[in-house]
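These are my notebook entries on a few things I looked up, written down in the order in which I checked them.

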Amino acid sequence: MTGKAPLVVVGDALLDRDLTGHADRLAPDAPVPVVADCAERVRPGGAALAAYLAARDGRDVTLITALDDGPAGRELRRLLDPFLTVVPLPMSGEVPQKTRVLAQGRPVVRLDHGAGRAREATAEARAALAAASAVLVSDYGRGAADTLRAELRGRPPEVWDPHPRGGPPVAGARLVTPARAEAHGFAAALTADQNDDGGDAPRSELRTVAHEACALVRHWRVAAVTVTLGARGALLSYGEHPLLVPVPAAHHGDPCGAGDRFAATAAGQLADGALVGEAVEGAVTAATAFVGAGGAAGLLGPPRAAGTVPSADDADDPDDPAGLVAKVRATGGTVVAAGGCFDLLHAGHVGLLQAARRIGDCLVVCVNSDTSVRRRKGDGRPVNPLADRVRVLRALACVDAVAVFDEDTPERLLAELRPDVWVKGGDYAGAELPEAALLDAWGGQAVLLPYLDGRSSTALMTRAAEGAR
């Protein structure tokens with residue numbers, strides 16, 4: 001494996017299905033959209049999605065969940081078997097299925113089928129839990145966590161992702177991760193004296209969340225509660241003085257599965273030895289990237305081979321450019337790519353990237369690694385290491401993803417991403433664009449964009465040195 005700690009996931013597996021098409025008219029017999037040319041995609045859901053995502057992170061994952069031998073149960077096993085170990089619990093009823101119908105990428109309706117529940121624990125499940133070095137409970141209110149509650153009390157999990165229909169987390173859990181509406185519901189269910197802050201003054205929404213999180217930490221007797229707030233990030237409370245962790249970039253993609261991505265990342269990082277605050281920051285970043293890449297619907301095939309895109313350990317951007325490109329291309333969008341060292345980001349860079357983004361539907365920035373910059377620019381460069389350069393680029397609203405290449409030129413990376421448009425600044429005018437012939441191979445186009453005169457990292461460094469003297 002990769003040296004990452006193994007993880008045991010306890011929870012309720014679902015089978016999720018998306019039917020994706022387009023709608024441009026209403027039905028003649030009712031005021032409802034007609035969704036035509038639907039393509040079907042089936043994927044793990046619930047605890048199965050959390051376990052699948054943790055396995056894609058390079059972990060040895062064991063999933064303890066209820067499964068039946070019906071079509072949905074067999075399909076889930078087929079999806080999960082290549083990536084993780086499943087320890088089945090006996091089930092009453094069928095594996096729950098959730099089917100979304102989407103038009104132009106937006107949900108129109110969701111159909112739920114199956115009310116199966118975990119019936120009882122097994123010796124195999126108890127043994128797997130007893131041997132676990134780290135545990136994530138992904139409770140979807142269908143009994144898996146309840147059947148093993150006694151064992152979980154003796155081995156509190158790193159993360160408990162709760163559900164309104166499930167039981168409370170066990171005392172001693174390191175981190176509980178309710179969404180905003182869930183936290184509000186849990187807090188409202190507490191007795192009046194537990195939920196009273198001693199005054200009737202109106203609160204801001206953030207203050208309300210902080211008070212609710214504090215109340216839940218004390219009521220549940222857990223180490224910490226983090227309330228996920230969607231595009232606002234997450235609020236982490238240990239019982240007082242909450243920490244607000246903002247998102248690194250705003251995305252308006254499909255949020256389906258973001259909570260599972262958050263929980264899987266936080267549990268994995270805690271298992272690896274991270275502090276709770278560090279794990280929450282990593283989880284916010286990962287969930288944000290997950291939404292930006294299309295959410296659960298953006299999961300495409302097996303994990304991407306290492307070396308194309310920086311991981312969260314290499315830089316602060318865990319986005320998957322390949323997944324984003326596939327999603328945009330699947331909807332008929334235009335993929336734009338631009339490249340460079342971006343050592344000291346200046347107005348020329350920003351203007352170029354903003355203009356590039358306006359050309360198409362997403363912008364992937366291909367950035368030279370530190371060794372690549374050093375070969376091109378010499379000793380002393382880059383001034384800013386790769387992680388910092390990636391983080392600054394990702395902070396730009398016009399940048400959708402960042403990919404890193406180690407060669408002198410990005411041809412290999414471009415051949416993998418196959419963008420429709422490759423952009424260079426106008427300071428390359430009159431020079432040969434080596435990428436142009438490569439773009440021709442798949443029908444793409446290399447273009448030059450106007451560049452602000454006098455702006456360059458070298459000039460900026462020269463002025464800074466002169467100013468220091």
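I looked up phenylalanine 83 and noted that it counts as partly exposed, because its relative accessibility is 27% (buried means under 20% relative accessible area, exposed over 50% and partly exposed in between, with a 1.4 Å probe and protein chains only). I keep in mind that this is a predicted model, where local features need pLDDT of at least 70, side-chain atom pairs count only at pLDDT 80 or more, and totals for chains, interfaces and linings use all residues. Residues are numbered from 1 along each chain as its sequence is written, and side-chain values use heavy atoms, with hydrogens and water left out.

Next I turned to aromatic pairs, of which I found 2 (rings of Phe, Tyr and Trp, the last by its six-membered ring, pair if their centres lie within 6.5 Å; planes under 30 degrees apart count as stacked, over 60 as edge-to-face and the rest as tilted). The rings of tyrosine 52 and phenylalanine 83 are edge-to-face, because their planes stand at 90°, with the centres 5.1 Å apart. Tyrosine 52 is in helix 1 (residues 47-56) and phenylalanine 83 in the loop between helix 2 (71-80) and strand 5 (85-89), so this pair ties together parts 31 residues apart in sequence (helices, H or I with at least four residues, and strands, E with at least two, are DSSP runs numbered from the N terminus). I also noted that tyrosine 52 is buried, at a relative accessible area of 7%.

Then I looked at phenylalanine 186, which is buried at 16% relative accessible area, and at tryptophan 220, which is buried at 8%. Their rings have centres 5.4 Å apart and planes at 70°, so I recorded the pair as edge-to-face.
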